[in-house]
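Trainee: Could you take me through one part of this model in close detail, and then show me how the rest is arranged around it?

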Amino acid sequence: MTTGISMEARVSQSSRIAARVVDGKAVVVIIDTQALHTLNEVGTFVWELLEESSRSVSELVDSVEASFEVERTRAQADLLSFLGQMSELGALEVEEAA
Amino acid sequence: MTSGSRLESAPSAHPNRFVFGGVAFDVSAGPALPWELLGDHARFATHDDVGPTALAVHVAASSAPELAHEQGREIHVAWKGGTGHLRTRGVRAEVRELGPGNFVASALLSAADSGCTNLCTSLAGALIDRIGGVVLHASAIELDGGALLFVGPSGAGKTTIANHCAGARGFAKDRVAAYPTPSGWYAAPMAGGDEVDLPHSSERVLPLLGVLRVVQAERPSIADDSPIRAVHILRESAQLTDRSADAEGLLLDRLLEMSSKVRVGTVRSVLGDTVLDRLRTWVEKR
């Protein structure tokens, strides 16, 4: 999947969401669409990283690679797909570097 | 919540003292504001003393003719410390929290026919919300002294499944206030929705037995849901008028707390199937 998101882009949580972690999984409500999504283990890991502050895509790939037994190319592809989906849903904001 | 914070036992049929939506109202209305509950509000109110299973609010209400021409159905509530400001069509109210489950309010109402009922609905919802409860879009039956709620989106079959509970009593048609008390979670019917084709329960506050998401299926079943699924089910049916991220987060917290105390499951029903025995078995299986 091509998302058009670069490794230098900065990712942050949208201000129009509410989320809580239930049984180790993030439950995310997107306020403007009233949609509710449950993230898997890796998605929850990324979500919690973004709770602290915005991160670049490459920082997120580093963290996922370091915390899960996954090759970097696979981590990068899965992460870009996840970020693209969450951005499209309105849960994340992605800002490309100037 | 102490008994001392409750309303004194009300004289029967005193029009200004009643319980509606889990809240015991004691209303002092000025002479320019004839107080009358209409329609479902009158039906789902009781003059019985339900003791500490309801919140208590004393309302001093005054007429405000200038509010008579307002439009819209939105309800806005903002709390700062122990004081809340409520605004909806034909109603302005300031509410102070005196203690756990005990409130006092001053209200301006339009003297139009819906002014009093708008106050009851909006104030009950705001107070239920304030103490960690939630108003659910649900039908409900009275079953063995408790309330069993059916939830789901429009068309899921909430009213249909209630109609197939021959032997039970209809408790709520469309909206239910669910709230915590020191003796557990309770449920109270609120106004609105299609009539349930069962004899009516005379109870207006009952212990909450559980919440079941209705799904039409080819094979009937009833099962408890996981905590995550429970939050999904409750959020899908919870009423929230404030669309801010803070309000949504607080609602998630309340639903998490509720799902840790109240059983939430899914009932798969077959059209035309009588489900009461299976519902009773699920309720009794604790």
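Predicted model: local features only at pLDDT ≥ 70, side-chain atom pairs only at ≥ 80, totals over all residues.

The part I would pick is helix α5 of chain B, residues 245-261. Its 17 residues reach 25 Å from the first C-alpha to the last, close to the 24 Å expected at 1.5 Å a residue. Within α5(B), the buried residues are B:E248, B:L251, B:L252, B:R254, B:L255, B:M258 and B:S259. These residues cover an arc of only 170° around the axis, which puts them on the same side of α5(B). On the face turned away from the buried side, α5(B) carries the exposed residues B:D246, B:S260 and B:K261.

What lies over that buried side? The cover comes from both chains. From chain B it includes the strands β8 (134-143), β11 (175-181) and β15 (264-269), along with helix α4 (227-237). From chain A it includes β2 (17-22) and β3 (25-30). That gives us two directions to follow: into chain A, and out into the rest of chain B.

Let's go to chain A. Where the two chains meet, 13 residues of chain A are in contact with 12 residues of chain B. On the chain A side, β2, β3 and β4 (35-38) each supply at least two residues. The largest share, 4 residues, comes from β2(A). Sorted by class, this side of chain A has 7 nonpolar, 2 polar and 4 charged residues.

Between β2 and β3 of chain A sits A:D23, whose phi is near 50°, a positive value in a residue other than glycine. A:D23 has 10 other C-beta atoms within 10 Å and is therefore exposed, given that 12 or fewer is the cut-off. The loop between β3 and β4 of chain A holds A:Q34, which also is not a glycine and has a positive phi of about 60°. With 12 other C-beta atoms within 10 Å, A:Q34 is exposed too.

Stepping back to chain A as a whole, its elements follow the pattern β-β-β-β-α-β-α-α-β along the sequence. For its 98 residues, a compact globule would have a radius of gyration near 13 Å, and chain A agrees with 13 Å. Its C-alpha atoms fill a box of roughly 35 × 35 × 25 Å along the principal axes. Buried residues make up 26% of the chain. Of the contacts in chain A with a separation of 6 or more, 54% join residues 24 or more positions apart.

Now the other direction, chain B. It is divided into domain 1 (3-130) and domain 2 (134-284), and the centres of these two domains, taken over C-alpha atoms, are 25 Å apart. Across their boundary, 20 residues of domain 1 are in contact with 15 residues of domain 2. On the domain 1 side, α1 (39-43) and α2 (115-130) of chain B each supply at least two residues. The most comes from α2(B), with 4 residues. By class, that side of domain 1 has 10 nonpolar, 8 polar and 2 charged residues.

As for chain B overall, a compact globule of 286 residues would have a radius of gyration near 19 Å, and the 19 Å of chain B agrees. The box filled by its C-alpha atoms is roughly 60 × 40 × 40 Å along the principal axes. Buried residues account for 44% of chain B. Residues 24 or more positions apart make 72% of its contacts with a separation of 6 or more.

Methods. Residues numbered from 1 in each chain as written. Chains lettered and ligands numbered in written order. Rg over C-alpha atoms; globule rule 2.2 N^0.38 Å. Buried ≥ 20, exposed ≤ 12 C-beta atoms within 10 Å, placed from the backbone. Contact = placed C-beta atoms within 7 Å. Expected span 1.5 Å × (residues − 1). Arc of directions from axis to C-beta. Domains from an automatic or database assignment. Nonpolar A, V, L, I, M, F, W, Y, C, P; charged D, E, K, R; others polar.
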